[in-house]
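Reader: I'd like to go through the charged side-chain pairs in this one. Could you show me the structure before I start asking?

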Amino acid sequence: MSPALSHEEIFAGRIAADERIEPKDWMPEGYRRNLIRQISQHAHSEVIGMQPEGAWITRAPSLKRKTVLLAKVQDEGGHGLYLYSAAETLGTSREEMIQALQSGRAKYASIFNYPCMSWGDVGAIGWLVDGAAIVNQISLQQTSYGPYARAMVRICKEESFHQRQGYDIMLNLCRGSGEQIAMAQDALDRWWWPSLMMFGPHDAESAHSSRSMAWKIKRQSNDELRQKFVDQTVPQAEFLGLRIPDPKLQWNEERGHYDFGEIDWEEFARVVAGDGPCNAERIDHHVRAHEDGAWVRKAMLAYEERHR
């Protein structure tokens with residue numbers, strides 16, 4: 001009679017068999033902590049990411065554009081809700097995650113620490129930032145943790161709308177006046193490299209990538225996802241008639257992929273560490289909004305308690 005398998009062996013077998021891990025299943029503490037870090041960071045990114053575009057809702061150039069942008073920003077808030085809820089199934093609380101964000105212990109996507117200075121930037125964010133998010137999030141639909149994978153299904157559908165609305169803004173600018181074309185090119189010039197940084201450091205230099213890959217939390221590496229994004233985005237820029245701001249960008253026939261220049265990793269580290277153009281502004285705004293909404297949370301709890 002063979003000895004009974006340990007919890008670790010059963011868990012490893014389920015991961016190898018591509019089974020989903022659910023909240024009540026046994027899991028290693030490292031797996032749980034890694035998931036809380038990644039899912040909460042993802043949630044923070046969605047919520048902080050509402051700020052750059054939210055500031056443009058009242059300045060959008062038409063009622064249609066205002067309506068579409070309002071819907072998009074609302075979607076991002078919903079994505080944060082799905083993801084915070086998924087993280088809570090791992091034993092952490094919303095309050096703990098928010099406190100970690102506001103204290104600087106938790107990170108969010110570095111790209112949201114750059115200023116959104118023109119209507120062209122709104123288009124570039126939708127096209128590039130949400131385009132990069134889709135590349136990453138499609139693979140997360142197959143992540144090993146069930147609540148995270150299921151949240152990503154709806155998020156990916158909505159992100160595809162976000163990417164299309166951004167590209168539509170860029171397309172209209174590129175069909176417009178010389179000034180509008182210049183606005184689109186300027187936005188691409190400033191958002192291209194931060195968009196590549198979104199995928200994180202090279203795999204060999206990532207503190208969490210190897211374990212996340214082994215546990216199938218991540219299905220593709222940072223460099224694989226970044227390459228996929230470049231390959232799909234360059235033809236879109238060519239269709240727009242815009243120039244990618246990378247003199248080393250060229251098609252590699254042998255590899256079947258685009259070669260591209262090296263990212264400024266010093267800038268990436270600086271922004272992630274809190275020294276980006278808008279780091280302090282983004283967190284200060286989040287703190288104010290959270291404090292302003294305290295009475296709503298108290299009222300909801302009082303209502304629930306009364307009806308309980």
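Author: Here are the salt bridges, and the reasons for the labels they get. It's a predicted model, where local features need pLDDT of at least 70, side-chain atom pairs count only at pLDDT 80 or more, and totals for chains, interfaces and linings use all residues. Residues are numbered from 1 along each chain as its sequence is written, and side-chain values use heavy atoms, with hydrogens and water left out.

Reader: What makes D18 and K216 a salt bridge?

Author: The term asks for a side-chain nitrogen of Lys or Arg within 4 Å of a carboxyl oxygen of Asp or Glu. Closest N and O atoms of D18 and K216 are 2.8 Å apart, so the pair counts. By that rule the count comes to 20 salt bridges.

Reader: Where do D18 and K216 sit in the chain?

Author: They link distant parts of it, 198 residues apart: D18 is in the loop between α1 (7–16) and α2 (29–48), and K216 is in the loop between α9 (209–214) and α10 (222–240). Those helix numbers run from the N terminus, a helix being a DSSP run of H or I with at least four residues.

Reader: Why is D18 called partly exposed?

Author: Buried means under 20% relative accessible area and exposed over 50%, with partly exposed in between (1.4 Å probe, protein chains only). D18 comes out at 45%, so partly exposed is the label.

Reader: What stands out about the phi of D18?

Author: D18 has a positive phi of about 60° although it isn't a glycine. K216, its salt-bridge partner, also has a positive phi of about 60° without being a glycine. Most residues other than glycine have a negative phi.

Reader: How do you know that K72 and D130 form a salt bridge?

Author: Their N-to-O distance is 2.5 Å, which meets the cut-off, so they're in. This pair also links distant parts of the chain, with K72 in helix α4 (residues 63–88) and D130 in helix α6 (residues 119–140), 58 residues apart.

Reader: Are K72 and D130 buried or exposed?

Author: Both K72 and D130 are buried.

Reader: And why are D259 and R255 labelled partly exposed?

Author: D259 has 22% relative accessibility, so it falls in the in-between range. R255, at 40%, gets that label too. Their side chains meet in a salt bridge, 2.8 Å from N to O. Elsewhere, salt bridges that share partners join R14, E19 and D25 into one network.

Definitions and conventions:
Helices (H or I, at least four residues) and strands (E, at least two) are DSSP runs, numbered from the N terminus.
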